[in-house]
Amino acid sequence: MSTQPELVIRGAHSSPYSRKMRAVLRYRHIPHQWVVRGMKGDDMPDGAVPVIPVIGWCNDDGSYRDVMVDSSPQITKLEAEYAGRSIVPVDPATALLDFVLEDFADEWVSKAMYHYRWANEEDTEKSGRLLPLDASLRLPDDRAAAAHDFIIQRQVARRALVGSTDANANAIERSYERTLDALQAHLADQTFLFGDRPGRADFAMFGQLTPLVWWDPTPTAVAVDRAPRAIMWVQWLDDLSWWAVEDEEGGWLDIEDVVATTRTLFEEAGRTYAPFMIANHEAIAAGADEVFCEMEGAAFRQAPFSYQGKCLDWIRAEYAALTDTDRRRVATFLDGTGCELLVS
Ligand SMILES: N[C@@H](CCC(=O)N[C@@H](CS)C(=O)NCC(=O)O)C(=O)O
């Protein structure tokens, strides 16, 4: 009898999005097989674009009937196909907030992740030594040394693509610090962002924070100082298969009850992520070759990023699909955070 689960997730230990999706599958009790990209057992075809994680749906004979990339749509498909332990809040207005904060983590906190790692020599050196071994512990030393140089060159050269320039460093680093401060305050009283069970935003934040607070020395030191709770929270999120969900519909907050410390994260998103996402969307629409926005009185610039343009479209589509009443409830919550611009 075949013991192969229907789902295979192909990722890498060091990939924030892979960790996000593996944590979702674990928490949701969805049987799956984890496969490290390029290692034995990895027979999955690439998805539409060559990124990880890829989730593959298997037939009984082991062939793949579907493969899919991009963590947010993966979560949506899994929600439609698997019942129980949902990670989408029951109140549609809270669910919209959760979707926005998921995107803040995926598309903005990810800039801090990339920046700290590839802008500081100590962090860069560490990743250069460790990343080649992610998929192959037995890689011979000479090949690991060659991979060290190759990875560092490639990743440092890509810094500007995600906005990790010297001119943007202050905006990215202060935002990381404020995000940690908000989480430290939040976790003093709450385990998750939208109730007594984790949502999409919790898993997205977990994914990006893993390298920031557990791997890279510079941002880890910042986190030890400012947000020890967030560091341990990341350990919790990695495997929440044990977290009890007694009432499938219960445990979520209505939007009117979402706590002030979660709102603080929206204020942070409103200072940074929201102006960036809007300027990026406008730059793509105008065919411009640079995104420019004001962030706390300084200029933030990078090249347009088309995937992030789609992310804003998805947020706006979700908002448009709400009832008039729920749209008003969301607008009331977001008013004054800076995130209201995302949906207006
Ligand atoms: N939008 C994607 C992003 C996935 C992504 O950027 N993955 C990175 C690794 S974390 C990647 O595959 N980069 C190219 C590579 O590693 O070859 C998601 O939500 O999953």
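How do the residues of the shell around the ligand divide into nonpolar, polar and charged?

## The shell around the ligand

In this predicted model, the residues of the shell around the ligand divide into 5 nonpolar, 3 polar and 2 charged. The residues concerned are Ser15, Pro16, Tyr17, Val51, Ile52, Asp70, Ser71, Ser72, Asp106 and Tyr307. Two elements, α1 (16-27) and α2 (71-81), each give two or more residues to this shell.

Asp70 lies in the loop between β4 (64-69) and α2, and its phi is near 80°, a positive value in a residue other than glycine. Since a residue is buried if 20 or more other C-beta atoms lie within 10 Å of its own, Asp70, with 21 such neighbours, counts as buried. Ile52, for its part, is joined to Pro53 by a peptide bond that is cis, with omega near 0°, and Pro53 is placed in the loop between β2 (32-36) and β3 (54-58).

Where they meet, 19 residues of domain 1 are in contact with 22 residues of domain 2. On the side of domain 1 that touches domain 2, α1 and α2 each supply at least two residues, and the largest share, 8 residues, comes from α1. The residues of this side of domain 1 divide into 9 nonpolar, 6 polar and 4 charged.

## The largest nonpolar core

In soluble globular proteins, nonpolar side chains tend to be buried together. In this model the largest nonpolar core has 79 residues, and those with the most contacts inside it are Leu97, Leu101, Ala230 and Ala269. Helix α3 (residues 92-119) gives the most to this core, with 16 residues. Because domain 1 (7-81) and domain 2 (92-342) both give residues to the core, it lies between them.

Leaving aside residues up to four places away in sequence, Ala230 touches Leu180, Leu183, Gln184, Leu187, Leu209, Val213 and Ala223.

Ala230 belongs to helix α9 (residues 228-238), in which Ala230, Trp233, Val234 and Leu237 are buried. Seen down the axis of α9, these buried residues fall within an arc of 110°, so they line one face of the helix. An α-helix has 3.6 residues a turn, so residues three or four places apart point the same way. The face of α9 turned away from its buried side carries the exposed residues Met232 and Gln235, while what covers the buried residues of α9 includes α1, α6 (169-187), α7 (200-214) and α8 (217-226).

## Two residues in loops

Val88 lies in the loop between α2 and α3, and with 16 C-beta neighbours inside 10 Å it counts as partly exposed. Not counting residues up to four places away in sequence, Val88 touches Glu79, Ala95, Asp98, Gly199 and Arg200. Val88 and Val35 are 53 residues apart in sequence and, from C-alpha to C-alpha, 26 Å apart in space.

His29 is placed in the loop between α1 and β2. Although His29 is not a glycine, it has a positive phi of about 60°, and with 12 other C-beta atoms within 10 Å it is exposed.

Key
Residues numbered from 1 in each chain as written. Predicted model: local features only at pLDDT ≥ 70, side-chain atom pairs only at ≥ 80, totals over all residues. Near = placed C-beta within 6 Å. Helix = DSSP H or I, 4+ residues; strand = E, 2+ residues; numbered from the N terminus. Nonpolar A, V, L, I, M, F, W, Y, C, P; charged D, E, K, R; others polar. Core = buried A, V, L, I, M, F, W, Y, C linked by C-beta atoms within 7 Å. Domains from an automatic or database assignment. Contact = placed C-beta atoms within 7 Å. Arc of directions from axis to C-beta.
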